[in-house]
Amino acid sequence: MAGWLIIALALALAPLALGSGRWVEFLELTLFVAVLGQGWNVLGGYGGQYSFGNAVFFGTGAYVQALLQYRFGISPWISLWFAIAGTAAVGAAIGWLSFRYGLRGSYFALITLAFAEAFHVLARSFPSITEGGRGVQLALNQDPDRALATFQFNFAGSFLAENGFYYTILAVFLASAFATWRMERTRFGAQLIAVRENEDAAQALGIDAFRVKLGAISISAAITAAAGVYYVQKYLFIEPGIAFGTSKSVEALFAPIIGGLGTVVGPLLGSFFIHGVGEAAKATIGQALGDRPGVDLILFGTILILVLAFLPRGLAGLWAALWRRLTGGDGNA
Amino acid sequence: MLEVRGLSRSFGGLKAVDDVTLSVPRGQIVSLIGPNGAGKTTLFALISGFLKPDSGRVSFEGRDITGHKPHAICRAGIVRTFQVVQPFAGLSVHENIAVGAHTRLRDRDEALERAREVAHRVGMGAMLDRPASALTIAGRKRLELARALATDPRLLLLDEVMAGLNATEIGELVEVIRAIRDEGVTIFLIEHVMQAVMRLSDYTHVLNHGAMIASGTPREVTSAPHVIEAYLGHGAAARLAELEAGHA
Ligand SMILES: Nc1ncnc2c1ncn2[C@@H]1O[C@H](COP(=O)(O)OP(=O)(O)OP(=O)(O)O)[C@@H](O)[C@H]1O
Ligand SMILES: [Mg+2]
């Protein structure tokens with residue numbers, strides 16, 4: 001708990017300490033992927049249901065947020081609730097279809113991937129609603145007085161213009177981390193973990209595994225949708241590839257797997273590590289090889305394999321082990 | 001309290017449970033014995049909702065529960081343990097038992113407190129913080145029992161909780177199970193350890209090739225010739241009788 005206060009405070013003060021610019025951008029991207037990771041972690045890390053298509057939730061959240069403003073001129077502060085709740089409902093529907101028929105393991109992973117692809121195609125196929133492959137471009141607000149009302153910080157004065165979206169994603173991240181932290185300490189959380197550990201035993205002990213998984217996929221969807229809302233407000237643009245392409249799905253699962261599955265801090269650690277290494281790689285290998293796309297992917301893949309092979313509990317597990325050794329504490333006397 | 005009528009279940013051509021009828025009266029300890037592969041675990045799986053019967057009915061406290069989901073049957077008051085232990089390996093003993101306690105208790109602290117009580121009751125009070133994966137086989141069997149007990153069942157189905165334990169551990173567990181019955185939980189148990197069966201059971205059913213071949217007090221059934229033959233092979237009862245006559 002004390003650790004989290006320090007993390008929250010450090011992240012809140014970072015723009016003041018680092019000045020704006022490159023480093024804040026780096027942190028902002030880290031937090032964005034940490035939110036995607038936290039969304040995935042609720043279902044994958046705590047519930048053991050590995051989704052390969054969490055982009056479907058990112059994209060749905062983003063499209064609802066964009067289209068409600070674009071088509072109906074609804075306030076972004078209102079549309080965001082529809083984006084989050086609507087995506088939670090989509091999550092429940094996908095969960096219903098997958099879990100009802102007992103899909104587990106790689107079958108579940110494949111069905112989520114298929115849903116993301118299906119939504120990708122849908123977003124392209126109905127231009128009268130979604131503008132198809134061109135994507136949805138929201139109008140830029142240039143009136144400083146309407147900056148807050150339009151949830152657009154570009155003309156909101158220099159501090160907000162520089163850092164408004166940093167604080168937006170920080171708030172979303174802290175909310176998602178708090179929700180996860182709370183969840184761990186409820187009956188629902190204990191039952192979700194039990195389902196992950198052993199579904200038969202969980203059911204023998206009175207747990208309705210189907211309902212628990214439905215709950216988890218809805219929360220996962222809601223958190224991931226919030227990342228979509230942030231994205232749309234920041235870039236004022238969304239198109240099918242960004243929304244439903246595989247890159248968001250992959251980032252969402254990299255962060256918690258590397259950082260530590262089923263831990264509150266895992267997605268943040270993992271995201272920080274991935275992007276830190278990514279930046280370092282760009283500065284070194286990237287310089288040496290020239291700008292070749294894909295170098296970072298090879299690097300991430302290598303890291304993922306190393307983590308899976310040597311750190312089954314991710315960086316969070318490594319941290320806990322080091323801490324035990326340093327303090328001489330035992331934890332499992 | 002538990003009524004099983006004409007229950008059958010086949011796997012392919014094999015009749016694992018064949019037209020079994022039995023009842024377990026409230027407040028008793030009833031045991032189910034039989035050779036390996038007799039269908040005992042399958043019968044438990046049918047009662048607890050993990051398998052659906054091909055035919056027959058199961059009712060509990062007067063209500064039909066045939067084909068209900070396992071979690072619903074647990075909430076109705078019947079809980080099973082697994083012969084092949086199924087711990088939540090990544091969790092501590094305390095957390096494992098708390099999962100059971102949550103079935104009746106929403107509040108996290110209450111569930112943890114209840115788990116602590118149950119752990120003490122089955123003699124795991126000193127192991128609360130140990131990871132379940134670090135337990136010995138005896139510990140894991142106990143954990144199965146503790147977790148099940150934490151759900152506050154009225155009927156406890158125990159599948160070979162004594163297997164793999166030494167004589168001292170068996171003695172302890174016999175006392176624990178008796179104490180559970182004395183607190184009002186009815187117990188139906190599968191057991192190969194005859195010493196435990198004889199000491200615990202008020203009544204015993206014998207299953208062979210899926211069918212019930214005998215029922216009665218433990219003493220009655222274990223001296224019935226056809227039961228001895230089921231265990232030791234055809235003609236064994238006669239040979240045993242001859243042996244005894246020879247010694248006399
Ligand atoms: N899921 C299954 N699919 C196919 N056959 C099964 C299945 N479960 C059990 N069987 C078969 O049904 C028969 C009864 O098995 P069961 O496990 O109920 O026996 P048991 O009396 O519990 O034996 P043991 O004393 O060895 O535990 C065995 O022949 C077993 O191989
Ligand atoms: Mg068995």
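Okay, let's start in chain B with strand S8, residues 186–190, which is mostly covered: 5 of its 5 residues are buried. Before I go on, please keep in mind that this is a predicted model.

So what sits on each face of S8(B)? On one side you have B:Thr186, B:Phe188 and B:Ile190, on the other B:Ile187 and B:Leu189, and all of them are buried, so both faces are covered.

Now the neighbours. Strand S3 of chain B, residues 29–33, runs parallel to S8(B), with 4 bridges joining them.

Over to chain A and its helices. Helix H4, residues 76–100, has 25 residues, which should span 36 Å at 1.5 Å a residue; the end C-alpha atoms are 35 Å apart, so that agrees. Its buried residues include A:Leu80, A:Ala83, A:Thr87, A:Ile94 and A:Phe99. What do the buried residues of H4(A) pack against? They pack against four helices of chain A: H2 (22–44), H3 (55–72), H5 (105–125) and H10.

That brings us to H10(A) itself, residues 209–235. From first C-alpha to last, its 27 residues reach 39 Å, close to the 39 Å expected at 1.5 Å a residue. Why call H10(A) largely enclosed by the rest of the structure? Because 22 of its 27 residues are buried.

Last bit: the contact between the two chains. Chain B puts in 26 residues and chain A puts in 21. About 1900 Å² is buried between them, and carbon and sulfur atoms give 60% of that. And how many salt bridges are there between chain B and chain A? The count is 0.

That's my tour, so over to you for comments.

Technical notes: Residues numbered from 1 in each chain as written. Chains lettered and ligands numbered in written order. Predicted model: local features only at pLDDT ≥ 70, side-chain atom pairs only at ≥ 80, totals over all residues. Heavy atoms only, no water. Buried < 20%, exposed > 50% of the residue type's maximum accessible area, 1.4 Å probe, protein only. Helix = DSSP H or I, 4+ residues; strand = E, 2+ residues; numbered from the N terminus. Pairing = 2+ DSSP bridges. Expected span 1.5 Å × (residues − 1). Contact = heavy atoms within 4.5 Å. Buried area = accessible area lost by both parts, 1.4 Å probe. Salt bridge = Lys/Arg side-chain N within 4 Å of Asp/Glu carboxyl O.
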